Amino acid sequence: MDITAILDHTPLIRSTLRARGVLPADLDDLTQDTLLGAWRSLRAGRFRPSPALPPADALRRWLAGIASRQASHDRDKAHRRHELPAVDPDRLSAFATPSPEARLVARGLLRAFHRLRPELREILALAATGLSSREIAASLALPRPTVATRLRLARRLFARALTRSRRWPR
């Protein structure tokens, strides 16, 4: 068996990763990791198909299992819990104004925002983009009550940070 047999199943790997909750931003990287891991395992002789299954079905099942494990390992990584979503510069341009006052206000908002813990910042940022708590829970692979609690806490701490600042009236 050669690498083309594995590469032909790339859509299956991508759909398995998506179904396991991999974020779209990480999908290409995990697909590549899965393909590379499958190729290494194949070369090491770890693909031993059942004689009862057709070889194509056995290969699909084996690749789906590798993809599922890759998604699980990605979710378990500690750096994922502290990762911030990338900010789209085009969205920020709508808030840009030439007024120095507006810049000071924006700077105060950003300071208050960055005082929050990373997991609270992430949930607050996702909520600010218009996602529901159900969508946030699905994208972060967290239970909905956890998302609701963190969102409530983030809003309260953000409001408190704003009222403590000298630039904001109490």
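**Salt bridges, burial and helix packing**

Reply: Arg-60 and Asp-57 are joined through their side chains by a salt bridge, at 2.0 Å from N to O. The model is a predicted one, in which local features need pLDDT of at least 70, side-chain atom pairs count only at pLDDT 80 or more, and totals for chains, interfaces and linings use all residues. Residues are numbered from 1 along each chain as its sequence is written, and side-chain values use heavy atoms, with hydrogens and water left out.

Me: What makes the contact of Arg-60 and Asp-57 a salt bridge?

Reply: The term requires a side-chain nitrogen of Lys or Arg within 4 Å of a carboxyl oxygen of Asp or Glu. The N to O value for Arg-60 and Asp-57 is 2.0 Å, so the pair qualifies. Both residues belong to helix 4 and lie three residues apart, which means a separation of about one helical turn.

Me: Why is Arg-60 called partly exposed?

Reply: Buried means under 20% relative accessible area, exposed means over 50%, and partly exposed lies in between (1.4 Å probe, protein chains only). Arg-60 has 34% relative accessibility and therefore counts as partly exposed. Asp-57, at 27%, is also partly exposed.

Me: How do you know whether Glu-119 is buried or exposed?

Reply: Its relative accessible area is 17%, so Glu-119 is buried. Its salt-bridge partner is Arg-117, at 2.7 Å from N to O. Arg-117 has a relative accessible area of 43% and is therefore partly exposed.

Me: Why is helix 8 described as mostly covered?

Reply: Eight of the 11 residues of helix 8 are buried. Among them are Leu-120, Ile-123 and Leu-126.

Me: What makes helix 8 oblique to helix 9?

Reply: Helix 8 (residues 118–128) packs against helix 9 (residues 133–140) at an angle of about 130°, and the axes are 10 Å apart. That angle makes the pair oblique, because angles under 35 degrees count as roughly parallel, over 145 as roughly antiparallel, 65 to 115 as roughly perpendicular and the rest as oblique.

Me: Which residues make the contact of the two helices?

Reply: Glu-122, Ile-123, Leu-126 and Ala-127 of helix 8 meet Ile-136, Ser-139 and Leu-140 of helix 9, where contact means heavy atoms within 4.5 Å.

Me: Why does Ser-68 count as buried?

Reply: Ser-68 has 19% relative accessibility and therefore counts as buried. Ser-68 lies in helix 4 (residues 55–76). Apart from neighbours within four places in sequence, Ser-68 is in contact with Thr-16 and Arg-20.

Notes. Axes fitted to C-alpha atoms, helices over the stretch in contact; angles between N-to-C directions. Helix = DSSP H or I, 4+ residues; strand = E, 2+ residues; numbered from the N terminus.
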